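User: I am new to this structure and would like to go through it by question and answer. Please show it first.

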Amino acid sequence: MVYVIATLMVKPEMKAELFSAAKECIAATRQEDGCISYELFESTTDPNKLVFVEQWQSAECLPLHSKSDHMKAFGRVAVKCFAAPVQVQIITPEKVEKR
């Protein structure tokens with residue numbers, strides 16, 4: 001099992017656009033083989049901080065997910081919305097990897 005925590009800082013004026021694109025991506029991702037859970041949360045202390053919390057059956061699922069058409073479409077929109085680089089943590093029983 002692997003967990004992915006992706007923290008996004010979003011430009012306030014682009015937040016609605018990001019949420020709109022994320023809605024379609026989340027629905028498609030939940031249908032992917034190996035996806036156990038895929039959620040997007042808004043910080044309670046910073047309205048421009050969003051966090052994806054993902055649970056996958058194995059790390060082998062992640063490359064397929066990142067290359068999926070819905071992730072590519074989301075990425076084209078999301079990249080315009082970021083106020084800072086995305087912080088990603090990949091958590092397995094063996095280690096926590098930061099990207």
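This is a predicted model: local features need pLDDT of at least 70, side-chain atom pairs count only at pLDDT 80 or more; totals for chains, interfaces and linings use all residues.

Analyst: Residues are numbered from 1 along each chain as its sequence is written, and side-chain values use heavy atoms, with hydrogens and water left out.

User: How many aromatic pairs does the structure hold?

Analyst: Rings of Phe, Tyr and Trp (its six-membered ring) pair if their centres lie within 6.5 Å; planes under 30 degrees apart count as stacked, over 60 as edge-to-face and the rest as tilted. By this rule the number of aromatic pairs is 3.

User: Why is the pair of Tyr 38 and Trp 56 classed as it is, and what is the class?

Analyst: The ring centres of Tyr 38 and Trp 56 are 6.4 Å apart. Their planes meet at 75°, so the class is edge-to-face.

User: Which strands does this pair of Tyr 38 and Trp 56 link?

Analyst: Helices (H or I, at least four residues) and strands (E, at least two) are DSSP runs, numbered from the N terminus. The two residues are 18 residues apart, and the pair links distant parts of the chain. Tyr 38 belongs to S2 (residues 35-42) and Trp 56 to S3 (residues 49-56), so the strands are S2 and S3.

User: Is Trp 56 buried or exposed?

Analyst: Buried means under 20% relative accessible area, exposed over 50%, and partly exposed in between (1.4 Å probe, protein chains only). The relative accessible area of Trp 56 is 0%, so this residue is buried.

User: Which residue of helix H3 forms an aromatic pair with Phe 52?

Analyst: The pair is edge-to-face, with 5.9 Å from centre to centre and 80° between the planes. Phe 52 lies in strand S3, and its partner, 22 residues apart from it, lies in helix H3 (residues 69-78). The partner is Phe 74.

User: What arc do the buried residues of H3 cover around the axis?

Analyst: The buried residues of H3 are His 70, Met 71, Phe 74 and Ala 78. The arc is that of the directions from the helix axis to the C-beta atoms. These residues lie on the same side of H3 because their arc is only 95°.

User: Which exposed residues does the face of H3 turned away from its buried side carry?

Analyst: The buried side of H3 is covered by elements including helix H1 (15-29) and helix H2 (61-66). The face turned away from it carries the exposed residues Asp 69 and Arg 76.

User: How many nonpolar residues are in the lining of the largest pocket?

Analyst: Ala, Val, Leu, Ile, Met, Phe, Trp, Tyr, Cys and Pro count as nonpolar, Asp, Glu, Lys and Arg as charged, and the others, Gly among them, as polar. The lining has 3 polar and 3 charged residues, and the number of nonpolar residues is 16.

User: Which residues is Thr 29 in contact with, leaving aside its neighbours within four places in sequence?

Analyst: Thr 29 lies in helix H1 and counts as buried, at 0% relative accessibility. Contact means heavy atoms within 4.5 Å. With those neighbours left aside, the residues in contact with Thr 29 are Cys 35, Tyr 38, Trp 56, His 65 and His 70.

User: Is Thr 7 buried or exposed?

Analyst: Thr 7 is found in strand S1. Its relative accessibility is 16%, so Thr 7 counts as buried.
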